[in-house]
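Subject: A structure to look through

Dear colleague,

Please keep it open while you read, and take the notes slowly.

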Amino acid sequence: MTDRRQFLKASLLGASSLVLADAAMASTDTPRAGATPATTSTKTSATGTQAAVTRVVSTWDFGIAANRAAWSVLSQGGNALDAVETGVKVPEADLKNHSVGRAGYPDRDGKVTLDASIMDAEGNCGAVAAIEHIAHPISVARLVMERTPHVLLVGDGALQFALEQGFKRENLLTPESEQAWHEWLKTAHYKPTINSEVRDYGVAGPPGSAGNHDTIGMLALDAHGKLAGACTTSGMAWKLHGRVGDSPIIGAGLYVDGDVGAATSTGVGEEVIRNAGSFLVVELMRQGRTPQEACREAVLRIIKRRPQVAKDIQVGFLAMNKDGEVGAWAIQSGFSYAVCDAKQQDALLPAKSVYGA
């Protein structure tokens, strides 16, 4: 009798374990609540199966124009990697944009140095840092990925590689940026200001206290369900010559995992690097967080590590999972992100934040 009771007890415990395991798997596979209408994650195909949407997202107001360029690739069935390269080249070439590309503010020596990275769903990636005289560093980064055994080239070596690949050497210091630099030299005060990428967009002449510190980060999901990301910047204005932020650092400014999702960052790159920010966001999504939940937790970790510093800086994260669900979070209010898909090509959404309205 005792043996029979023990047998029945063991059988019941085993059945309960299987039920709990099945429930856990079901909760992992079920999309989590909280997506806004602009970030609905899936669509139903003619066969009744769930398929990822085609979508591109990017940081800041100038991401709208960048998204449209990327969408011209995605809407024709093109791949996500081509889309993100095409998209971020728009702000790289925009003479009104003083935080990205050829019109970026220089370092304290008057030199414009650019950083960029690109990554696909399979983990292929390439980057350049502190490169001068090349208008489209994102395209050089892609060739680093495709034509070299390396991930990152820097400084003179990056420039040499670009010239060998046929890129044109140019003077990137525009008259407006040079004027701003001379104005800055009057005080040589260095303090990056929060959300300057929006306030100083299109501003010509002396910006005085401007401390531009950004970046466009872009993530795309194509019709084949493939993710890719790109990140490009002129870095902090008036930085020390040779300073490199998070944008060209895979795992900091950008990270893509085709099985999970992708993330990019914006703001003061040093704090993103300290926390391997974009990699952290993707890993949090792997654990089951929504993109927005993952971005929020990454922001809170930055604040926890350096609470006094965090009060005076901006860092924002933008993420998209493999189903096309999007989320963002920032330290300070004012960070916005652009979303583009078949329903709407010019959506601009405010990110939630820890501090501010």
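How many helices and how many strands are there in the protein chain? This is a predicted model, and its protein chain holds 11 helices and 15 strands. Among contacts between residues at least 6 apart in sequence, 64% join residues at least 24 apart.

The part I would look at next is an open sheet of 8 strands, in which the pairing is mixed and the order is β6-β5-β4-β8-β7-β3-β13-β14. The edges are taken by β6 (152-154) and β14 (347-350), and each of these has a single partner strand, so one side of each is left without a neighbour in the sheet. From one strand to the next, the twist averages 15°.

On one side, 4 bridges join β3 to strand β7 (residues 215-221), and the two run antiparallel; in β7, Ser58 has Met218 as its bridge partner, and Val56 has Ala220. Strand β13 (residues 336-341) is also antiparallel to β3 and is joined to it by 5 bridges, with Val57 standing opposite Val339 of β13.

Are the residues of β3 buried or exposed? The strand is mostly covered, since 5 of its 5 residues are buried. Arg55, Val57 and Thr59 point one way from β3, whereas Val56 and Ser58 point the other way, and all are buried.

Turning to the helices, α5 (residues 155-164) lies across β5 (125-131) and β6, and runs at about 115° to β5. Elsewhere, the axes of helix α3 (residues 80-93) and helix α4 (residues 137-147) come within 8 Å and cross at roughly 150°. Because angles over 145 degrees count as roughly antiparallel, α3 is described as roughly antiparallel to α4.

Which residues of the two helices meet? From α3 there are Leu81, Asp82, Glu85, Val88, Lys89 and Glu92, and from α4 there are Pro137, Ile138, Ser139, Arg142, Met145 and Glu146. The residues of this contact divide into 5 nonpolar, 1 polar and 6 charged.

With best wishes

Methods. Residues numbered from 1 in each chain as written. Predicted model: local features only at pLDDT ≥ 70, side-chain atom pairs only at ≥ 80, totals over all residues. Heavy atoms only, no water. Axes fitted to C-alpha atoms, helices over the stretch in contact; angles between N-to-C directions. Parallel < 35°, antiparallel > 145°, perpendicular 65-115°, else oblique. Contact = heavy atoms within 4.5 Å. Nonpolar A, V, L, I, M, F, W, Y, C, P; charged D, E, K, R; others polar. Pairing = 2+ DSSP bridges. Buried < 20%, exposed > 50% of the residue type's maximum accessible area, 1.4 Å probe, protein only.
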